[in-house]
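Good morning, and thank you for joining.

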Amino acid sequence: MQVNMTVNGESVTAEIEPRLLLVHFLRDQLRLTGTHWGCDTSNCGTCVVEVDGEPVKSCTMLAAMASGHAVRTVEGLAVDGKLDPVQEGFMACHGLQCGFCTPGMMITARALLDRNPDPTEDEIREAISGQICRCTGYTTIVRSIRWAAEHPAGREVTA
């Protein structure tokens with residue numbers, strides 16, 4: 001079947017198998033490998049992408065269901081070579097270790113900040129509660145998202 005969607009601002013048309021999951025379409029056909037595929041049961045959240053501005057676990061959505069919609073992956077966060085404040089926050093506050101959960105966390109954080117530009121720590125923790133990080137203990141992730149909320153226009157991050 002044919003699907004048409006916008007992915008990271010680009011129009012995409014492709015022939016796919018009707019049962020193809022969105023995560024596999026993004027990774028295997030579009031080569032957007034920033035979207036990770038983790039548990040295959042929707043428990044871990046590494047595969048989170050935005051569909052029409054809402055975080056969605058792409059391992060539970062058929063690519064055909066995304067037809068006609070706007071999809072944003074972690075590759076779509078940076079604009080014109082400038083990192084999104086969420087990406088800058090993860091760098092500035094060491095919000096990652098192994099990096100496996102990071103793309104899904106960043107997409108979830110961006111969706112949260114688009115809805116609520118000044119979330120509390122509890123609201124941040126609630127937003128990311130559907131995602132598993134096996135390395136950080138979440139403290140630095142929460143700190144990274146707060147940094148992004150406090151720096152909405154972003155700024156140069158120095159090492």
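Let me begin with burial: a residue is called buried under 20% relative accessible area, exposed over 50%, and partly exposed in between, using a 1.4 Å probe and protein chains only. What you see is a predicted model, in which local features need pLDDT of at least 70, side-chain atom pairs count only at pLDDT 80 or more, and totals for chains, interfaces and linings use all residues. Residues are numbered from 1 along each chain as its sequence is written, and side-chain values use heavy atoms, with hydrogens and water left out.

I start with Met 106, which is found in helix H3; helices here are DSSP runs of H or I with at least four residues, strands are runs of E with at least two, and both are numbered from the N terminus. Met 106 counts as buried because its relative accessibility is 9%. Which residues does Met 106 contact, leaving aside its neighbours within four places in sequence? They are Val 74, Leu 77, Val 86, Gln 87 and Phe 90, where contact means heavy atoms within 4.5 Å. Met 106 and Ser 144 are 38 residues apart in sequence, and their C-alpha atoms are 9.5 Å apart in space.

I now turn to the helix pairs. Two packed helices are described by the angle between their axes and the distance between the axes. The axes are lines fitted to C-alpha atoms, for helices over the stretch in contact, and the angles run from 0 to 180 degrees between N-to-C directions.

Helix H3, residues 102–115, packs with helix H5, residues 139–150, at an angle of about 40 degrees, and their axes are 11 Å apart. H3 is therefore oblique to H5; angles under 35 degrees count as roughly parallel, over 145 as roughly antiparallel, 65 to 115 as roughly perpendicular, and the rest as oblique. The crossing of H3 and H5 is right-handed. By definition, a crossing is right-handed if the near helix is turned clockwise from the far one by less than a right angle, and left-handed if anticlockwise. On the H3 side the contact is made by Met 105, Ala 109, Leu 112 and Leu 113, and on the H5 side by Ile 141, Ile 145, Ala 148 and Ala 149. By class, this contact has eight nonpolar, no polar and no charged residues. Ala, Val, Leu, Ile, Met, Phe, Trp, Tyr, Cys and Pro count as nonpolar, Asp, Glu, Lys and Arg as charged, and the others, Gly among them, as polar.

The second pair is H2 with H5: their axes come within 8 Å and cross at roughly 135 degrees. That angle makes H2 oblique to H5, and the crossing of H2 and H5 is right-handed. Pro 85, Val 86, Glu 88, Gly 89, Phe 90 and Ala 92 of H2 meet Ile 141, Ser 144, Ile 145, Trp 147 and Ala 148 of H5. The contact of H2 with H5 has eight nonpolar, two polar and one charged residues.

How many of the eight residues of H2 are buried? Six are, and helix H2, residues 85–92, is mostly covered. The buried residues are Pro 85, Val 86, Gln 87, Glu 88, Gly 89 and Phe 90, and what covers them includes H3 and H5. At the start of H2, a side-chain oxygen of Asp 84 reaches to within 2.8 Å of the backbone nitrogen of Val 86. Just after H2, His 94 takes a positive phi of about 55 degrees.

Next, the loop between helix H1 (22–29) and strand S3 (48–51), where Thr 46 lies. Thr 46 counts as buried because its relative accessibility is 0%. A polar atom of the Thr 46 side chain lies 3.3 Å from the backbone nitrogen of Gly 38. Not counting residues up to four places away in sequence, Thr 46 touches His 36, Trp 37, Gly 38, Phe 100, Cys 101 and Gly 104. Thr 35 is found in the loop between H1 and S3, and at 2% relative accessibility Thr 35 counts as buried.

Finally, two aspartates. Asp 52, in the loop between S3 and strand S4 (54–57), has a positive phi of about 50 degrees although it is not a glycine. Asp 80, in the loop between strand S5 (70–72) and H2, has a positive phi of about 50 degrees. Are these residues buried or exposed? Asp 52 is partly exposed, with a relative accessible area of 45%, whereas Asp 80 is exposed, with a relative accessible area of 80%.

Note on methods
Polar contact = N/O pair within 3.5 Å; in protein donor to acceptor, adjacent residues only side chain to side chain.
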